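I am opening a notebook on a structure that is new to me.

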Amino acid sequence: MLTNMQARDVETLVHPYTNLEAIRSTGPLILERGQGVWLHDSDGKAYLEGMAGLWCTALGYGNEELVEAASEQMRKLPFTHIFGGKSHDPAIELAEKLKEMAPVPISKVFFTCSGSEANDTQMKLVWYMNNALGRPRKKKIISRMRAYHGVTIASASLTGLAGNHNDFDLPIAGVRHTTAPHYYRLAEPGESEEDFATRLAADLEALILAEGPETVAAFIAEPVMGAGGVIVPPKTYFPKIEAVLKKYDVFFIGDEVICGFGRLGTPFGCQALDMKPNAISVAKALSSAYQPIGAVMIPEEMYQAMLEESRKLGSFGHGFTYSGHPVAAAVALKTLEIYERESIFERVRAKIPQFAARCAALEDHPLVGEARQAGLVAGIEIVADKKTRHQFDPKLGFAAKVVAFAQDEGLIVRSVFGDAVTICPPLVISPAEIDELFDRLTRALDRTLDWATREHLL
Ligand code: PMP
């Protein structure tokens with residue numbers, strides 16, 4: 001029986017990434033308030049937020065400094081755009097700060113409202129740059145199977161998940177997908193991580209050659225794939241991929257929308273994985289999700305080409321009304337100040353061994369095939385047979401069942417493609433709360449096992 005608010009919800013809202021049929025009878029979980037890593041629903045039940053919202057509320061809930069930064073900026077100047085020669089202090093200071101933090105040489109920053117818009121912008125900038133450089137055929141973008149780069153038409157095309165393409169008539173022309181760096185699923189028996197990485201680089205090279213290097217403009221990759229199942233690349237992967245990109249003059253876009261700002265214990269994910277992209281997309285933890293904001297971090301050579309092209313055209317014809325929104329920028333600036341002042345990334349590093357150990361212990365569970373972990377993010381792949389790695393029929397929705405039992409246990413986690421449960425707590429989670437998270441998840445796994453036994457699914 002739906003509550004009044006649940007009934008009103010299903011009558012009026014289309015929920016993103018939701019089974020539109022099922023929610024009509026179950027109704028949504030209506031959340032009301034949060035403090036630290038804890039959320040409370042409208043009945044007052046508490047949940048440990050094990051996914052930082054959608055991989056984003058890095059500083060947790062109830063951060064008064066962020067609230068204050070937003071309200072102060074709202075009082076002073078709630079909005080001005082930065083089109084056509086206007087600007088404001090928060091956008092300038094945030095761009096300076098990002099440039100200072102950048103893990104690779106960055107010249108300029110372009111603001112967006114989301115990760116999708118950042119990756120969409122990356123694609124447009126690559127095209128714009130190659131037009132400026134007089135190579136109009138060099139336009140194809142290579143992404144990877146299982147990648148997640150967003151849902152706008154361009155970024156959903158870059159995403160390498162069937163669910164984002166099917167019946168949306170995607171991907172658009174000019175986007176290709178190469179092999180995912182998924183060692184557990186795709187390595188040959190006996191193949192070392194290094195050999196697997198060599199093979200993936202060879203796959204990429206074969207694709208570039210088949211397409212014609214003169215037509216391939218860019219390659220895009222997350223440091224650790226998030227929504228594709230938390231896939232941690234095999235050792236030596238990025239240096240080998242980058243050698244191929246350099247050989248064929250292919251621009252490298254790093255999607256740091258999840259890994260940026262401490263998730264792997266380093267300011268940017270690429271620093272933890274020996275990855276050196278040319279340009280970077282950020283969003284999510286940039287403002288700890290207190291405001292919607294993303295950014296594209298642009299290298300000098302790309303900026304020079306943009307400058308050249310806009311000279312020809314009279315103006316750089318791209319920008320969102322809310323690019324560099326002053327309230328969002330002020331909150332992001334405060335977020336970055338807190339990361340630094342409170343040594344948040346160092347403190348993440350100190351928590352990783354405990355998080356990793358609790359994660360690894362899950363592999364003893366009969367339903368867990370692999371517990372993949374990097375920094376404070378993990379993906380728990382559910383299997384029917386640990387030896388053969390055989391999976392359950394996706395229709396049975398095992399990972400979704402774990403998530404439902406976890407919710408009942410007062411823990412929010414997420415199920416993603418490939419029957420995996422993902423964990424990505426706020427960076428400020430305490431050691432005691434990490435234990436609590438894994439205790440609750442283990443109970444959810446046990447209850448899933450009991451359910452499967454009762455239903456004769458094993
Ligand atoms: N890139 C990555 C790596 C992401 O995880 C996401 C969102 N989960 C996006 C891009 C898209 O960001 P948004 O939902 O803010 O558009």
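How many helices and strands does the secondary structure of the chain come to? I note first that this is a predicted model, and in it I find 16 helices and 15 strands. I then looked up the radius of gyration, which is 22 Å and close to the 23 Å that the globule rule gives for 458 residues, so the chain is as compact as a globular protein of that length. Taken along the principal axes, the box filled by the C-alpha atoms of the chain is roughly 70 × 60 × 45 Å.

Next I turned to the ligand, which is surrounded by 16 residues, the closest being Ser114, Gly115, Ser116, Gly150 and Val257. Helix H3 (52–55) and helix H6 (115–132) are the elements that give two or more residues to this shell, and H6 gives the most, with three residues. Sorting the shell by class, I get seven nonpolar, seven polar and two charged residues.

My last entry concerns helix H14 (residues 344–361) and helix H16 (residues 431–454), whose axes come within 10 Å and cross at roughly 15°. Because angles under 35 degrees count as roughly parallel, H14 is roughly parallel to H16. I recorded the crossing of H14 and H16 as right-handed. On the H14 side the contact is made by Lys351, Gln354, Phe355 and Arg358, and on the H16 side by Pro431, Ile434 and Phe438. By class, the residues of this contact between H14 and H16 divide into four nonpolar, one polar and two charged.

Key
Residues are numbered from 1 along each chain as its sequence is written. This is a predicted model: local features need pLDDT of at least 70, side-chain atom pairs count only at pLDDT 80 or more; totals for chains, interfaces and linings use all residues. Axes are lines fitted to C-alpha atoms, for helices over the stretch in contact, and angles run from 0 to 180 degrees between N-to-C directions. Helices (H or I, at least four residues) and strands (E, at least two) are DSSP runs, numbered from the N terminus. Angles under 35 degrees count as roughly parallel, over 145 as roughly antiparallel, 65 to 115 as roughly perpendicular and the rest as oblique. A crossing is left-handed if the near helix is turned anticlockwise from the far one by less than a right angle, and right-handed if clockwise. Two residues are in contact if their C-beta atoms, placed from the backbone, lie within 7 Å. Ala, Val, Leu, Ile, Met, Phe, Trp, Tyr, Cys and Pro count as nonpolar, Asp, Glu, Lys and Arg as charged, and the others, Gly among them, as polar. A residue is near a molecule or strand if its C-beta atom, placed from the backbone, lies within 6 Å of it. The radius of gyration is taken over C-alpha atoms; the globule rule is 2.2 Å times the number of residues to the power 0.38.
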